[in-house]
Amino acid sequence: MAHGLYVSATSAQSGKSLIVLGLSDLLHRHTNSIGFFRPISDTAPGDTDPMVAFMREHFELPDEAVGVGLSRVEARELIAARNTEELYSRALDAYSEIAKHVDVVIVEGTDLSGHDLTTEFELNARLANHLGCHLIGVVSAAGLDVAQSVEAVDVARDSYYEQRVSLLSMIVNRADPETIDELRSEIHPGRHHRKVYVIPETPEVLSPTIGEVMDTVGARLVTGDPSRDRDIRHIMIAAMNVGYLLERYEGDDSLLVTPADRTDVLTAAVAASRTPGFPSTAGVLVTGPRPVEASVLPVLAEAPFPVYSCEQGTFDTTTAVAAVRGSITAGIPRKTAAALGAMAKAVDESELLARLQLPSPDLMTPVRFLHQLVERARSDRRRVVLPEGEDLRVLRAAEIIARRDICDVIVLGGTKVSDLARENGVDLSGVQLVDPDTDPRTEAFATEYAKLRAHKGITLEQARERMTSRSYWGTMMVHLGHADGMVSGAAHTTADTIRPSLEFVKTRPGVKLVSSVFLMCLPDRVLVYGDCAVNPNPDAAGLADIALASAATARQFGVDPKVAMLSYSTGTSGAGADVDSVREATALVQSTSPDFPVEGPIQYDAAVDSFIAASKLPESDVAGHATVFVFPDLNTGNNTYKAVQQSAGAVAVGPVLQGLNKAVNDLSRGCTVADIVNTVAITAIQAQSLSPSA
């Protein structure tokens, strides 16, 4: 039977969804499979529960691993009829179906939105007992001082003990960051001496987005980019003259609510958005049945924010907007990142896992692999520089990296970059922004470059010109220890990214060439493909070098290397210059590094299929079980990784550069924000073994 973990709040708006997400992320990394269950859902019968939908999508859970027991309406009817046994029975039946398919089920209790909180508290405790779950109690410290928060924990814990639940832990959420250290010291572990975790208020999660607000009030888009993922931190009612309005701008990410006939306010908002240093506007919501005047629409179309309209009056609209709270279920990546970062900082994962005594996972899914990358990067913090600050994807990735607390991230760029972030609602508060045009280190970087390239006739003036390139400047940061790694290529070619490293970072001792691999995340395992991005036609020595480097990279990321040197023939069945080169490369690897199995020449099918391998190479330790694949040339490798990615639905992480003295990695110009985040995590992990801590 699966382990069950019941997350129960002690008050409304405790932020327990943040706890559920963090626990699910933790358990997903440390067991084969997880499920998610809500015994009582606030949605109507037959409708999709938002949290169930979010968990299914975020963790790629199958339909049989998620579900609900009853709707709140159904539960209330059973309680009113004094038929709670039927309620418990139906919840247990639904839970048991999920538990058949997974190792751990995370159960999210009710939202305590009913009128009788005591009854609902007891209901959750009894449900946890009937489902056979350990329970994690979540106490909200919002609006409470330290003494009140401590008392709330004591009262809730004693109440759970009275209900005889298996209390795994208490978590205090939404604590005041200014008093959090005092709160942690004042809370005692209770009669069973179990640690109480304290998580500070996380504004990045609580702030609603444009999309959440507009969906709530039923607004329609008038003009502009919907920007549904942009946070709203301030609400301003524009019923005064323009001068007074501009004085009252509270800060970035303000939502302006104004009657539709206030064309002066609308045009002033557009003008203000174009003024350097002026607080950014997240969006404008015009109210009332009257449409926006047609003459103003061309002006609004130039605004860097969306304009919405709704037919309700200004007062009713503002009241509705003010009541909207941010939700993790909105599926906004940066909200998810903020929630996971807050949980990771506050909870001792090893201590909590030790109490659950979970079996170790035997499958490596793409989601689990990518989550483990984040965990490893976070375990030994490094500094990674992103030179392409003028690319919005890079800024969004930097925000997520900072919120998830993956590593220290540095973005190169000046006012233009900060303005781009401000206009698009990207929060760079946790990111170091460095402007090479004004940074005092630029001259020292140029001097160092001139010294390193003096043998090529580079003058100091030429070196200064080189340092105007963000790639060169970022690489010099890494070379001189101002950063531990660099990720570039979102807006530049692979050559632009690698060239500075080849000029002065150089390759590691014993390495003849820089190469690359892709980490191919299949549904049940991770394979390593090399070289798919750098070397067009490597000779036998080059293929051997790629194989050795790829095996080392595989080990670094938890893949046991069994290397297949690929060709169009297997064993001795073929002849010709191309096959002979692969055969020679295999012999070089075997003579150089006998500590991992290698086979070649071998065809791809014989390398991965044990049935085919049994007929073609029955004595091989690699055939049918290969994990590292070395392609004979770039044409074959690049096309194969893309074919597997597109046709088999594999997640391709990379290219991961290997062989350099420092951690430098390239991006595809078609990369997504998630690709950048993953590559930064990989770079931080590489830097852990390549450079000392700061």
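I looked up Arg381: it is partly exposed, with a relative accessible area of 32%. Buried means under 20% relative accessible area, exposed over 50%, partly exposed in between (1.4 Å probe, protein chains only). This is a predicted model: local features need pLDDT of at least 70, side-chain atom pairs count only at pLDDT 80 or more, while totals for chains, interfaces and linings use all residues. Residues are numbered from 1 along each chain as its sequence is written, and side-chain values use heavy atoms, with hydrogens and water left out.

I then checked the partners of Arg381. Asp405 forms a salt bridge with Arg381, with the closest N and O atoms 2.6 Å apart. A salt bridge is a side-chain nitrogen of Lys or Arg within 4 Å of a carboxyl oxygen of Asp or Glu. Asp405 counts as buried at 17% relative accessibility. Arg381 also meets Asp408 in a salt bridge (2.6 Å, N to O). Arg381 lies in the loop between H16 and S13 and Asp408 in strand S14, so this pair ties together parts 27 residues apart in sequence. Helices (H or I, at least four residues) and strands (E, at least two) are DSSP runs, numbered from the N terminus. Asp408 is partly exposed, at 36% relative accessible area.

Next I took Glu120. Glu120 forms a salt bridge with Arg72, closest N and O atoms 3.0 Å apart. Glu120 sits in helix H5 and Arg72 in helix H3, 48 residues apart. Glu120 is buried at 7% relative accessibility. Arg72 is buried too, at 11%.

My search of the whole structure finds 40 salt bridges.
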